[in-house]
Each structure stands twice: as structure tokens, then as C-alpha cells.
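Hi everyone, thanks for coming. Please have the sequence and the 3D view open, and I'll walk you through a few places that are worth a look.

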Amino acid sequence: MSLDDLIIKSNGARKEIFDKEENCSDYRFKNKHVYEKLVIFDSKNFSSCTLNGRGSISLSSKYTKTNPFALCLSTSTDIENITPRPSSSLRFALNGLNLEKYNRISALCYIEATGYQNFYFHFAFGNDGHHTNHAPSIYPNQWTYVTWECNHIKRDNVNLMTVTPYLMGCPPEALPNINIYIDNISAEVVDLEYDLGWDLEDRIAYSHVGYLPISKKQAFSSTCNSDYFTIVNEDTLKSIRMKVKELNSNLGHFYLFDFSSINEIGNYHLEVDNRKTESFMIDFVCYDSSIWKSLNFLRSLRCGEDVEGVHSACHLNCRSVHPDGRTVPTFGGWHDAGDVSQFEICTAEMAHAICDLALKNKADSFMFNRLLEEAKVGLNWLLRTRFGDGYRANAVGYSIWRKNTLDPTNTSIISKAEEGSFENFLSAAALASGANLFKDLDIIYSDWCKRSAIEDFKFACSEYLNKIYTVRWGEPIESQTMGAAILAACEIYVITNDIFYLEKALEFSKIVMNCQEKGNDTPMKGFFYEDQEHKYILAYEHRGHEQSPVQGLARLYQLLPNGDNKDKIKKSLELYRSYVLESMKYTKPYNLLPGHIYHIDKINIEHFTVFPKTAKLEALQSLIAQVKEGIDLGNGWYLRIMPIAYTRRGFHATLLSKAKGVSMIAKVFNDTELRNIVISQLEWILGKNPFASSTMYGEGHNYHPLYVAFSRQIVGALPVGIKTKDEKDLPYWPTINNAVYKEIWGHTTGKYLWVLADVL
């Protein structure tokens with residue numbers, strides 16, 4: 001579908017955009033040749049199956065696929081006001097079965113239901129203590145062939161095979177009673193997907209959406225039998241033969257297909273040996289499709305309104321309560337992830353990103369107006385969920401679909417309002433950006449945003465000074481919070497022209513620059529610590545804010561008049577630039593921004609997600625072991641290409657947050673080298689990775705199904721991201737679908753759009 005057709009048919013991403021089934025990797029997975037198969041449950045009887053939880057089981061002939069009968073689980077999604085959420089779990093006795101010979105598990109499922117778009121199950125499989133959950137999307141009222149490859153799972157003594165439908169509540173448009181039919185569960189032998197490491201084998205890594213005419217243009221592979229490759233212009237049918245280059249790098253041996261010299265706008269593909277890429281653009285609008293699809297994703301995440309193809313108006317009864325008893329409704333904004341939660345931090349950054357992108361797209365009135373519409377979704381939530389005294393809705397866990405009834409006995413619809421400096425600085429920055437965006441369009445709305453931004457900035461300053469912070473996120477990280485403070489002060493200065501805010505930004509900038517490594521006792525310099533004492537390195541495992549100190553300084557640099565203060569900030573930004581360029585030596589040809597530099601004595605375990613029952617020391621030892629798998633820089637210093645994490649693995653947000661910092665420096669210095677580095681991060685996400693997989697669902701090719709849980713697969717969704725396995729510093733992208741790495745996340749999309757606001 002052309003870009004124009006996409007825009008017209010979706011009414012500017014206001015109606016659902018659908019993908020082409022054959023472009024999804026799941027189409028290929030399900031059509032693999034099966035060399036051998038062992039049925040481990042055939043539904044002839046259910047003596048090997050037990051039910052734990054809500055419902056009943058029986059054999060039924062109503063819906064069958066391969067057998068006369070199917071196992072039927074009858075249960076109910078009517079779980080409003082039941083805490084914790086109940087489940088229905090089927091356990092199949094496999095009695096220590098040795099399945100090492102087999103590398104894939106499959107199942108046939110059918111859900112008889114009314115009013116639901118999607119269900120998700122957890123299929124747990126493996127030896128006791130070594131199992132893995134697979135959580136596919138299962139659409140109701142049709143047979144679904146579920147598959148997942150299990151080559152990394154211990155399976156020589158399998159006792160565990162469970163199928164657990166998650167009960168997600170009953171929305172108003174649905175009926176609570178559902179019947180789940182399971183026909184066969186089998187172990188299979190197939191050709192495995194490559195899912196771990198840097199080796200491309202014979203795949204070609206390239207940007208599936210294409211390349212900007214003025215950017216570096218490369219594709220590459222790990223195998224090549226030719227001295228030349230060919231670029232074909234599909235519009236003119238002109239072919240250009242170009243020399244293959246070879247590269248030995250820290251990540252292996254690669255064959256480079258560099259066509260940076262081609263700047264003519266058009267549709268192209270690349271041919272080498274007997275391989276051929278799909279069609280891609282060289283065009284200034286090559287990222288526009290991903291923007292429109294991102295808007296489709298955000299529309300699908302909207303809370304509190306009827307979203308065609310997703311849900312009716314939801315969570316209308318949910319509210320946040322102030323310590324003094326006042327409440328505000330929390331519906332609206334965007335569901336944050338696959339668990340329909342919502343967080344102020346993510347919403348503020350997403351809204352700010354869309355505002356910035358809209359300001360860059362004023363010339364395209366259609367896209368500009370659509371971005372205005374989506375920006376208001378986030379801005380309105382920030383405005384409506386603040387109490388006007390620093391308290392606001394911060395962490396809202398909806399958990400399930402709701403009936404929207406205001407039942408006074410239902411405490412599960414209530415979340416506690418909190419106050420915190422980081423949250424209020426982010427809100428102030430986003431609302432000030434919104435005030436600037438709407439100043440010539442809606443003066444009343446703009447003024448509301450402006451007043452609220454000024455108030456939130458004042459609250460945040462007081463909260464930071466008095467060490468007031470939210471329970472969930474804990475004590476503020478100094479460099480992160482002060483970076484947000486600088487950004488907020490700068491955005492308010494833009495809409496007020498009040499020198500007070502520029503002076504406050506300068507005050508905060510001194511703290512941020514004190515958090516930066518400037519000395520000669522480290523193998524690299526220019527990176528940031530959490531604190532001015534340099535006790536802990538600023539590093540992230542999941543949600544990413546590494547851009548915060550850099551973005552704040554770069555925004556201040558844009559606004560300051562020439563002088564000593566501006567020169568000092570320039571030196572700090574140049575120092576960070578040197579850190580980026582030095583670390584990039586290790587990631588060719590992917591040109592991936594490395595996760596972080598680490599020191600084994602400077603890891604803040606408090607800022608890593610650890611299971612409640614796990615000892616902090618045990619978790620810290622695991623993190624140190626991961627650090628030591630990185631590149632040894634000496635004296636306890638290591639560089640990891642992929643970040644370390646204990647439980648929350650998946651690194652698009654950490655990557656894009658760093659990319660946002662780099663894109664800001666590239667913008668203020670008009671730095672072509674940094675700009676190309678930033679574009680490489682977008683290309684990694686959109687196909688130029690070891691798996692040759694676009695990770696944006698419905699964009700490009702070979703994209704995996706994602707963990708959406710409450711909705712159908714959504715075109716434009718970005719996941720938490722490519723993760724790691726065990727201690728290894730290697731990318732891992734298995735066919736298994738589970739949280740958090742494949743979980744859809746608005747935070748990732750916000751960072752993606754924020755980077756695009758700088759490079760387009």
C-alpha cells in the first residue's frame with residue numbers, strides 16, 4: 001500500500017490500519033516444514049489434565065480440528081472487584097518426558113466468546129525450575145495454531161506443561177462466559193530461527209523503511225560469494241553495480257553493501273548472490289509511514305473513549321485519591337503497555353515528543369493536525385489528573401477491563417495520588433511545549449497549559465529541595481531529575497520570556513555538569529553519573545532517561561546568548577560527544593549506541609528491578625557477572641553493547657533515550673556524523689539488526705507478533721525491545737512471545753517520535 005493510500009484509507013490513522021499477514025514472521029513460523037512430530041496431548045480424554053482455579057473442564061465435540069473431541073475449559077471473565085485476579089490454569093502431566101529431540105511446541109486453540117477482540121494465554125513448558133512462558137495473541141471464534149521454538153529451554157525431564165488463559169475482566173460490550181477448546185498439543189522438529197548473537201548468516205540487514213537521501217546508506221550480511229552487489233531503482237529499472245566491502249569488527253566478519261552515493265529519490269531493492277531484499281525507499285519521507293503507523297498505535301492505546309476495533313469507552317470508574325480525600329478520574333491518555341496501566345512519566349514524555357514532532361511538521365498540514373489531535377490526548381490527561389498542589393495521578397494500574405460502575409465497595413479502581421519532583425518537572429516541560437504548540441490555535445487551551453506548567457515547575461522545585469518523591473520510583477536520580485528541570489525551565493522560558501527561568505536552568509545545569517565524568521582516571525570520559533559525588537553511573541535497564549541531562553543542556557545551549565555559560569555547556573556537550581564516538585568503535589557495522597559504560601563498584605542495585613523474594617546481593621552478583629561479559633577497559637571498567645538487567649530485559653527505550661540525547665547534540669551543532677549515528681539506531685529498530693527483523697509491528701518485514709494482551713496485534717506498535725540472554729552481551733530475539741521484551745509500550749514509541757523530531 002502506498003503512503004497516500006495508507007493515509008486516505010485510515011483517515012489519517014483515525015481508523016485501524018491493518019498489516020499484510022505474509023509480512024509477519026508468524027506467517028513464516030506457522031508454515032515451516034515439520035520434519036517430525038510427537039503428540040503429547042490429543043484430547044481423547046483428560047485424565048492427564050487438571051484444572052487449577054476458576055471454571056470446569058470436559059470433552060466436547062462442538063469445536064474440533066483434528067480429533068472427534070476437544071478439551072473444553074468453561075470459565076468466566078466476570079472478576080470485577082476480586083483481588084488478586086483469579087486465573088484458570090490447565091496442567092498436563094508429562095511425567096518427566098524427554099523432549100530434547102524436539103525444538104518446537106505447538107497447540108491448537110479455539111475460544112468461543114462474545115464481545116472480545118483478543119485473549120492471551122501463558123503456555124508454560126520445560127523442566128521444573130527451567131520453564132519459559134509463551135504468551136501469544138489468540139483471536140476469539142477461530143482456530144489458532146500456536147507455535148513457539150523451545151531450543152533454549154531445558155526439556156530432558158519435562159513435568160511442566162500448563163495452559164493458562166488470563167481472565168481480563170468483562171468490558172460492557174462483552175459477555176462473561178467463555179469456552180476454550182484445545183485440540184492437540186505437540187512437540188515438533190523444525191528448522192530453527194536464528195535468535196542469539198551478531199551473526200547474520202545469509203540474511204541481509206538493511207533499513208526496511210528505507211534511507212534519507214542525505215544519510216549514510218548501508219546494508220550488510222555475514223556471507224557473500226560475490227565481489228559486487230546491485231542496487232535496482234524499481235521506478236526507472238536502472239541498475240547500479242557496486243563493489244562489496246569487507247569488515248572485520250569486534251562483532252565478527254561482515255560484507256558491506258554501501259550505496260551512500262545514491263541520492264536519487266525512488267523505490268529500490270538490493271541484489272547480491274541469489275539474494276534480494278524487499279523494496280525500500282530513498283526519500284525524505286521514508287519515515288512518514290512509521291509515523292502514521294505510530295499514530296495508529298497511540299490511537300489504539302487511548303483510554304476512556306471508544307476506540308474502533310479495540311474497546312468501548314473504558315476505565316471510566318477509575319480514579320486517583322489525594323491524601324485529603326479528593327479524587328480525580330484517571331481515564332484518558334494512553335494505556336501505557338500490554339497491561340493497560342498508565343504512568344505520568346511515560347505520558348509526559350510521549351506528549352512532549354508529539355508536540356515537538358508537530359512543531360517540525362507545520363508544512364504538512366494533514367500530519368500537523370493529526371499530531372495536534374494526539375498531543376492533546378496526553379496533555380489533557382496531565383491537566384485533568386493534577387490536583388493543583390503538586391499531587392497528581394502517577395502510577396495507575398487498571399489491570400483488567402472494567403464495567404465502568406462506580407461501586408463504593410470496589411477499592412481496586414482507586415490509586416493513590418503522589419507528588420514528586422521528576423514527575424512534575426516532566427509535566428511542566430510537556431505542558432509548556434503544549435502551550436507553545438497551541439498558542440496560535442487555541443489561546444484558552446494554551447494559557448491553561450502555560451499556567452499549569454508554571455505551577456508544576458514551582459511544585460517540582462520545592463519537592464526536589466525537600467526530598468519529596470513518589471513511592472514507586474524512589475529518591476530522584478540527581479542528573480536525571482536536574483536534566484528534566486533544565487528542560488522544563490527552558491520550555492517555560494520560551495512561552496514566558498521570563499529571564500527567571502533561564503537563570504534557574506543555569507543553576508540546574510551546574511549540578512548536571514558536576515555529574516559528568518571529566519577526569520583522566522577513567523578509560524572514557526563524558527558519560528554521566530547519577531550524582532555529583534560520582535558514586536553510581538547513570539544507567540538504565542528498562543525505562544530510559546539517559547537523554548535527560550544531555551537534552552536539558554542542549555536545549556539550554558539553544559537559548560543562551562553567547563558567553564562563558566554557553567561555552568561551558570558547549571564543552572560538556574562536546575565531552576559527551578567524545579564518549580559516544582569512542583564507544584562506537586566497538587559496534588560496527590551495526591553502529592549501535594552501546595548500552596553503558598560500567599564499573600563493578602558503581603552499580604546502584606536500588607535502580608534495578610529485582611524480584612521481591614530475591615536477595616539484593618544475589619541480584620547484584622548477577623549484574624556484575626553481566627558487566628564482566630562486556631568489553632574489559634581495565635581497572636574494573638567495562639563497556640556493554642547491550643545493557644545489564646536482572647528481570648526487565650528489553651532495550652529499545654534505553655537505546656532510544658541515548659539516541660535522543662545524541663540527536664539533540666547533532667541538532668544544535670548541525671553535526672552530520674552524530675546525525676548518521678542517530679539514524680543507525682532507528683535502522684536497528686526497523687530491520688538493520690542480526691535477525692533482519694523490523695521490530696515495529698506492521699512496518700517493514702519479518703516483524704514478530706508482540707505481547708499486546710488486551711487488544712489485537714496493533715500496526716505501529718513498538719515493543720520494550722530486543723533483549724539479552726543470561727549474562728552474555730549478545731542480542732536475543734526468540735520466537736517466544738512474553739513480557740517484557742515483546743510487550744507493547746507507548747514509552748518506546750514516544751522516544752522513537754522524539755528522535756524523529758530532531759533528525760527529519
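First, some ground rules. This is a predicted model, so to speak of local features we need pLDDT of at least 70, and side-chain atom pairs count only at pLDDT 80 or more, while totals for chains, interfaces and linings use all residues. Residues are numbered from 1 along each chain as its sequence is written, and side-chain values use heavy atoms, with hydrogens and water left out.

Let's start inside. A nonpolar core here is a set of buried Ala, Val, Leu, Ile, Met, Phe, Trp, Tyr and Cys residues joined through side-chain atoms within 4.5 Å. Buried means under 20% relative accessible area, exposed means over 50%, and partly exposed is in between, with a 1.4 Å probe and protein chains only. The largest nonpolar core has 207 residues, and Phe123, Ile185, Tyr287 and Tyr752 have the most contacts inside it. What does tyrosine 752 touch? Not counting residues up to four places away in sequence, its partners include Tyr287, Leu656, Met696 and Leu718, where contact means heavy atoms within 4.5 Å. Apart from that core lies another, of 18 residues, with Ala219, Ile231, Val244 and Tyr268 among them.

Now please find helix α12, residues 616-627. Helices are DSSP runs of H or I with at least four residues, strands are runs of E with at least two, and both are numbered from the N terminus. The expected span is 1.5 Å times one less than the number of residues. For the twelve residues of α12 that gives 16 Å, and the end C-alpha atoms are 16 Å apart, which agrees. Ala619, Ser622, Leu623, Gln626 and Val627 are the buried residues in α12. Seen down the axis of α12, they fall within an arc of 145°, so they line one face of the helix; the arc is taken from the directions from the helix axis to the C-beta atoms. The buried residues of α12 pack against β27 (596-599) and β29 (637-640).

On to the rings. The structure holds 40 aromatic pairs. Rings of Phe, Tyr and Trp (its six-membered ring) pair if their centres lie within 6.5 Å; planes under 30 degrees apart are stacked, over 60 edge-to-face, and the rest tilted. Tyrosine 63 and tyrosine 181 have ring centres 5.1 Å apart and planes at 65°, so this pair is edge-to-face. The two are 118 residues apart, with tyrosine 63 in the loop between β3 (56-60) and β4 (70-76) and tyrosine 181 in strand β12. Tyrosine 63 is partly exposed, at 22% relative accessible area, whereas tyrosine 181 is buried, at 2%. Phenylalanine 259 and phenylalanine 280 form a tilted pair, 5.8 Å centre to centre with 35° between the planes. Ring pairs also link Phe527, Phe528, Tyr529, Tyr576, Tyr579 and Trp637 into a cluster.

Aspartate 671 sits in the loop between α13 (652-669) and α14 (672-685). Is aspartate 671 buried or exposed? At 12% relative accessibility, aspartate 671 counts as buried. Cysteine 355 lies in helix α4, and cysteine 355 is buried too, with a relative accessible area of 0%. Cysteine 355 and tryptophan 754 are 399 residues apart in sequence, yet 9.1 Å apart in space, C-alpha to C-alpha.
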